[in-house]
Amino acid sequence: MTAPAIELKGISKAFGPVQANKDISISVQPGTIHGIIGENGAGKSTLMSILYGFYKADAGEIFIKGQKTLIPDSQAAIKAGIGMVFQHFKLVETFTVLENIILGAEDGAMLTTSLGKARKELKHLAEEYGLNVDPDAVIENLSVGHQQRVEILKALYRKAEILILDEPTGVLTPDEADQLFRILDRLREEGKTIVLITHKLREIMDTTDTVSVMRRGEMTATVKTANTSPEELAELMVGRKVLLRVDKVAANPQETVLNIRDLRVVDEKGVERVKGIDLHVRAGEILGIAGVAGNGQTELLEVLGGFAHGTGVIEVNGAEIPLTGHGADGQARRAAGISHVPEDRQREGLIMEFSAWENTVFGYHRDPAIQNGPVMDNAGIQAEAQEKMDRFDVRPPNPKLAAKNFSGGNQQKIVLAREIERNPDLLLIGQPTRGVDIGAIEFIHQQIVKLRDQGKAILLVSVELEEIMSLSDRVAVMFDGHIMGERDPAQTNERELGLLMAGITDTSAVADAGDGAAEEALNDG
Amino acid sequence: MDKMPKWADIVLIPLISLLLAAFFSALVILAIGENPIEALKLMIDGALMRSAGWGYTLYYATNFLFTGLAVSVAFHARLFNIGGEGQAMIGGLGVALVCLYIPWPHWSLAILGASVGAACFGALWALIPAYFQAKRGSHIVITTIMFNFIAAALLNYVLVELLRPVGAMDPASAKFPAATHLPSFQDMFSTAETPMFRGAPANVTFFLAMAACVLVWVLIWRTRLGYEIRAFGQSETGAKYAGISPVKITVVAMLISGALAGMMSVNTTMGETERLILNSTEGAGFIGIAVALMGRNHPFGVFLAAILFGFLYQGGAELALWTSIPRELIVVIQALVILFTGALDNMVREPVEKIFIAMRRRNT
């Protein structure tokens with residue numbers, strides 16, 4: 001039997017009082033794709049950062065190809081044949097592909113020799129693995145999928161035998177993700193070892209040979225992918241049975257609450273990000289906006305929430321709301337009955353340094369009901385915060401704790417509690433479960449559906465296609481600032497939405513022949 | 001979980017920083033052949049042991065309280081107002097105009113009028129950089145620095161060309177009328193048998209500064225405006241989401257900051273010199289930055305830090321008077337305190353945090 005490509009023995013790592021990794025042992029066979037799955041904060045990234053030399057383990061040993069290896073920094077990791085593709089790419093945007101690839105691996109003071117060598121090597125790698133990228137393209141002009149390829153090429157150029165990918169599909173379209181997995185397959189065939197970190201069960205099931213599950217810093221199980229199921233993995237991740245599907249009855253849409261006509265948004269750099277869209281949302285329904293991040297969804301939410309300007313017409317309950325100048329701010333929007341769970345809770349939805357109770361009135365802090373003469377009624381706000389936190393099962397239920405000390409899921413619950421309990425007519429909700437653990441996802445989805453059943457209009461934006469498909473009553477797909485089409489989630493499939501997300505409107509080829517309903521929906525559209 | 005208890009953050013860390021600063025100051029004093037223990041004794045004796053010494057210490061502390069609060073309020077909105085010096089100078093102009101051109105029947109009314117004058121002029125001087133920051137994105141650090149120079153030049157012009165009494169040789173305004181003279185601590189606390197605070201400049205403005213401390217605390221931690229200022233300071237994107245206007249908060253926070261800095265002049269110009277002179281601020285606007293840093297931008301911390309710097313100023317003056325330690329070295333000692341309490345805060349903080357975490361782990 002060959003030695004495992006990677007073997008970790010008894011790895012432990014603590015950050016202050018938090019034990020991020022507890023006595024972790026894992027063995028990855030060469031020439032396989034090994035998945036590591038776990039909730040946010042389970043310790044996946046910490047473990048890989050130890051392997052890549054970013055952190056030093058408090059205890060434990062690392063064996064690479066059977067040899068005990070010390071990895072004090074990333075240089076040592078590269079030397080040991082480990083390459084890492086980060087979730088957020090580490091590329092110099094204004095450099096070309098070639099320049100990025102030799103960055104840090106230049107031999108000698110003059111660049112021309114290493115550039116020439118890299119060009120040859122790149123051509124070779126492209127042929128071998130199907131990793132085609134124009135070596136002279138400037139990074140900022142490349143699509144996200146191609147940028148990721150550059151990261152992989154960077155690792156291969158450094159002779160990586162082991163490739164670690166951290167949440168690689170978070171920024172990709174379904175189609176780009178498919179291409180990535182084809183590349184990974186090819187790499188595996190060539191004998192490379194791949195470690196795939198993800199929280200998406202489907203990716204694990206589709207691509208990996210073995211999978212390790214992490215929970216709260218511990219490795220709870222390592223199993224052959226073929227012998228497990230998504231349900232079992234979810235249970236291992238969370239520690240209890242989890243409902244993977246959203247339980248909901250058919251929507252009962254009433255009158256139109258939100259009506260958008262020819263909305264256009266130009267961002268600060270003068271680029272038109274929303275290019276004339278028409279949408280409507282009725283009371284008692286969830287309209288899901290699908291799309292790859294950066295196709296205008298953020299700007300749409302910002303204009304609706306009152307913190308970006310736009311042109312066009314937006315009516316809420318039949319009354320037009322201003323899109324520029326006075327009355328186009330968050331305060332006016334709240335007064336008009338719009339609540340907003342923003343996409344980025346850490347930069348927008350919460351003030352991280354504020355305590356939880358201060359955050360429970362953020363945006364509504366001018367409400368006369370919480371003033372006590374010239375000062376704010378802090379005691380009253382605290383008492384109410386405690387009740388809200390209990391109702392939304394925020395843990396720990398301590399209103400005096402700063403927002404930054406809660407986990408992502410509990411932070412999101414604080415935002416949700418605040419926005420839902422204002423009893424809005426229209427709820428805008430962006431990336432409701434980004435960075436949220438599975439257990440909390442279930443709860444958050446239930447709350448959103450509950451609000452819909454109370455007859456509220458909900459506009460949902462998410463880059464998680466599964467989430468859009470399972471929550472929405474109607475799905476609109478955004479690409480490059482346009483609405484590419486609208487579908488009934490019960491009568492479409494991920495491939496069709498994936499094409500729309502890539503800007504391809506001719507979806508007849510994938511509107512699954514076996515699923516006549518999808519074709520019907522297409523004809524209607 | 002916070003990394004360490006609040007008392008450690010507020011008391012322990014500044015204390016350790018202070019001891020480090022004292023240690024290195026002692027080395028410096030040793031290096032020039034003086035005895036650091038003697039020097040410290042002299043400082044304490046001169047600044048704290050006699051009421052006259054306290055009279056100076058508290059006089060300086062009053063200045064630092066106002067400028068320290070000014071820096072703190074702006075800093076809660078993440079605005080680094082280093083224009084306290086200029087705002088205080090222009091505030092002095094406001095005091096002078098109010099005292100010279102309005103006939104006041106009694107000092108108690110005059111101090112209110114002068115405070116309003118100082119606050120308005122100081123705020124006005126902060127308004128221009130604030131407006132440029134809010135509307136045009138001109139960095140407030142750059143503009144407030146430049147406005148310090150403009151303020152000095154403007155004051156020079158006004159004193160020489162406009163306010164200087166006919167025939168006077170020095171660039172200063174006329175003496176303020178007697179009705180505007182503020183009671184000093186000597187007037188207030190001396191009895192026939194026991195004179196107190198003799199000759200010291202501390203005056204009733206100190207209590208005004210204390211009141212300002214309380215009001216700033218209420219403003220920042222209790223009012224809606226303070227909530228918005230803090231929210232904006234922590235996250236501008238968050239503020240936008242909540243519908244808090246960045247322009248409004250930037251301008252309002254700087255107006256309050258400028259007003260506080262300006263009010264320092266009530267202490268110096270009205271309480272001490274009783275006329276407007278050049279350079280009555282003596283760098284207190286800059287010391288305010290160190291005071292705010294050391295006081296963690298909390299009014300109570302600012303209060304303690306202001307007293308400490310008052311002590312350093314007065315004790316330093318005593319050293320220069322009685323020993324061969326030159327005046328410049330006093331500035332070195334003050335700089336060391338600023339360096340350790342302000343700039344090198346993290347050097348002390350991280351090890352202390354580690355100790356607390358280790359202790360907690362052992363206990364659980």
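Why does Phe66(B) count as buried? With 36 C-beta neighbours inside 10 Å, Phe66(B) is in the buried class, because a residue is buried if 20 or more other C-beta atoms lie within 10 Å of its own, exposed if 12 or fewer, and partly exposed in between, with C-beta atoms placed from the backbone.

A quick word on the ground rules. This is a predicted model, where local features need pLDDT of at least 70, side-chain atom pairs count only at pLDDT 80 or more, and totals for chains, interfaces and linings use all residues. Residues are numbered from 1 along each chain as its sequence is written, while chains are lettered from A and ligands numbered from 1 in the order in which they are written.

**Around Phe66(B)**

Phe66(B) belongs to helix H3 of chain B (helices, H or I with at least four residues, and strands, E with at least two, are DSSP runs numbered from the N terminus). Setting aside neighbours within four places in sequence, Phe66(B) touches Ala209(B), Ala212(B), Leu260(B), Ala261(B), Met263(B) and Met264(B); contact takes C-beta atoms, placed from the backbone, within 7 Å. Gly285(B) is 219 residues away along the chain, yet its C-alpha atom and that of Phe66(B) are separated by 8.8 Å.

**Helix pairs in chain B**

Here are two packed pairs, with axes as lines fitted to C-alpha atoms over the stretch in contact and angles running from 0 to 180 degrees between N-to-C directions.

| Pair | Angle | Axes apart |
|---|---|---|
| H2(B) (residues 36–49) and H3(B) (residues 51–76) | about 85 degrees | 5 Å |
| H12(B) (residues 284–294) and H14(B) (residues 327–343) | about 40 degrees | 8 Å |

The angle makes H2(B) roughly perpendicular to H3(B), and it makes H12(B) oblique to H14(B). The cut-offs are under 35 degrees for roughly parallel, over 145 for roughly antiparallel, 65 to 115 for roughly perpendicular, and oblique for the rest.

In the H2(B) and H3(B) pair, Gly46(B), Ala47(B), Leu48(B) and Met49(B) meet Gly53(B), Trp54(B) and Thr57(B). That contact has 4 nonpolar, 3 polar and no charged residues (Ala, Val, Leu, Ile, Met, Phe, Trp, Tyr, Cys and Pro count as nonpolar, Asp, Glu, Lys and Arg as charged, and the others, Gly among them, as polar).

For the other pair, Ala290(B), Leu293(B) and Met294(B) of H12(B) meet Ile338(B), Thr341(B) and Gly342(B) of H14(B).

**Over in chain A**

Helix H1 (residues 44–51) of chain A has 8 of its 8 residues buried, so it is largely enclosed by the rest of the structure. Just after H1(A), Gly53(A) has a positive phi of about 85 degrees.

There's also an open sheet of 4 strands in the order E12-E11-E14-E15 (chain A), paired antiparallel. Strands E12 (272–282) and E15 (319–320) stand at the edges with a single partner strand each, so one side of each lacks a neighbour in the sheet. E14(A) (residues 311–316) pairs with E15(A) over 2 bridges (DSSP must find at least two bridges for strands to pair), with Val316(A) opposite Ala319(A).

**Where the chains meet**

The contact uses 26 residues from chain A and 20 residues from chain B. On the chain A side, helix H10 (330–335), helix H11 (345–349) and strand E18 (375–376) each supply at least two residues. That side has 10 nonpolar, 10 polar and 6 charged residues.

Key:
Contact = placed C-beta atoms within 7 Å.
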